[in-house]
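Welcome to the tour! Open your viewer, get your selection tool ready, and follow along one stop at a time.

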Amino acid sequence: DQDPETRYLFEPSSSATATFAAVTALAARLMEEYTPDFANQLRNAALDAWHFLLNHPEMLPEGGFRNPPDVHGGAYHDPDDSDERMWAAAELFRLTGESDLLTAFDQMYRNVERDGTPALSWKEFHVMGYSAMLQAQSDTLQTDAELLEELASQLISGANRLLEVHQQNSYLNLNQASEYYWGSNSVGLGRAFHLIQTYRLTSDNAYRRAALDQLHFVLGRNPLNLSQVTGVGSRSVQNPYHQLSAMGGFDEPVPGMLVGGPNNRVLLGDRQLSEWPAKSYEDRFNNFYVNEPAINFTAVMAYVSGYFSITHEPIVLNLTR
């Protein structure tokens, strides 16, 4: 708060507000046992955000948020807020048990164009909403059996398509050759998140093993023979596009950051790094197209690695074909 630089505030957006409602509702439920006062603050914030969304059912701003002309940072344009609103409704339903939130979720779900379940990303939250609502049945909440069956079918059919990709890939990861674009590591881990939720739903170990294989891929079992997480593994990324690591005078980068990974879609200086998509990577500071860590990359890495660190069922490693 002592930073003298100008701080800029932009107009509110319905997609960011819905994400805020979902996150604060989730946090309120999880934190209640430990810090009830803070949990109550989170609960009130989530409900305030939800009431704002109820009063503004339209997309705000129209067409989705866009940077003003004189702002040159990442745009992160999202023209559809229905997935964020669904996730918010699901998390608030789990928090409060209020039936109108279940109804709101169901109405939004019916209006979603469903051609598969998109990979979890900063823009796509369908899998978060679906899995949160499916978990509501374990909260002893009164849910809609038909809706839950449809959500389960969405998760399972999407997970089965991911298993096909996994089985056809020599490195047993979840990215197809056409999917090595900016943030490819987080795309694969977003799909691992999807598989984990499907395993939790079905107890089918095929989903769990495929998700674990994706974790192996980013931790070094890949064509680069390189862990994509700083400070993790005997051979890991050394030169991430991370200002503190580069300018702080450290011998090693700040540990625990997942870099974007191979990218053959957007090339620095139009220089092709490899003819092979999964090798289109270099450990060089200024190539942010492949070597930049980001909070959304690291978040899904934290979830997937955290899940496997505390889950102790027998693991059958699928190391050979």
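Which residues have the most contacts inside the largest nonpolar core? Select Trp 50, Phe 105, Met 133, Leu 151 and Leu 195 to see them. The core that they belong to has 67 residues. Keep in mind, as you look around, that this is a predicted model. In soluble globular proteins, nonpolar side chains tend to be buried together.

Now center the view on Leu 151. Leaving aside residues up to four places away in sequence, Leu 151 touches Phe 105, Tyr 109, Tyr 130, Met 133 and Leu 134. There is also a second, separate core, with 6 residues. To find that second core, select Leu 224, Leu 226, Val 237 and Val 290, which are among its members.

Next stop: a pair of helices. Color helix 2 (residues 36-55) and helix 3 (residues 82-96), whose axes are 11 Å apart and which pack at an angle of about 135°. That angle makes helix 2 oblique to helix 3. Which residues make the contact? On helix 2, show Arg 43, Ala 46, Leu 47, Trp 50 and Leu 53. On helix 3, show Arg 85, Ala 88, Ala 89, Leu 92, Leu 95 and Thr 96. Sorted by class, this contact has 8 nonpolar, 1 polar and 2 charged residues.

A cis peptide bond, with omega of about -15°, joins Leu 60 to Pro 61.

Leu 172 sits in the loop between helix 6 (145-168) and helix 7 (184-202). Phi of Leu 172 is near 60°, a positive value in a residue other than glycine. Is Leu 172 buried or exposed? Leu 172 is buried, because its relative accessible area is 3%, under the 20% cut-off.

Then jump to Asp 270, in the loop between helix 9 and helix 10. Asp 270 is not a glycine, yet its phi is positive, at about 55°. With a relative accessible area of 71%, Asp 270 is exposed.

For the last stop, select Gly 256, in the loop between helix 9 (243-247) and helix 10 (288-291). Gly 256 is partly exposed, at 36% relative accessible area. What does Gly 256 touch, not counting residues up to four places away in sequence? Show Val 229, Thr 230 and Thr 298 to see those contacts.

Notes: Residues are numbered from 1 along each chain as its sequence is written. This is a predicted model: local features need pLDDT of at least 70, side-chain atom pairs count only at pLDDT 80 or more; totals for chains, interfaces and linings use all residues. Side-chain values use heavy atoms; hydrogens and water are left out. Axes are lines fitted to C-alpha atoms, for helices over the stretch in contact, and angles run from 0 to 180 degrees between N-to-C directions. Helices (H or I, at least four residues) and strands (E, at least two) are DSSP runs, numbered from the N terminus. Angles under 35 degrees count as roughly parallel, over 145 as roughly antiparallel, 65 to 115 as roughly perpendicular and the rest as oblique. Contact means heavy atoms within 4.5 Å. Ala, Val, Leu, Ile, Met, Phe, Trp, Tyr, Cys and Pro count as nonpolar, Asp, Glu, Lys and Arg as charged, and the others, Gly among them, as polar. A nonpolar core is a set of buried Ala, Val, Leu, Ile, Met, Phe, Trp, Tyr and Cys residues joined through side-chain atoms within 4.5 Å. Buried means under 20% relative accessible area, exposed over 50%, partly exposed in between (1.4 Å probe, protein chains only).
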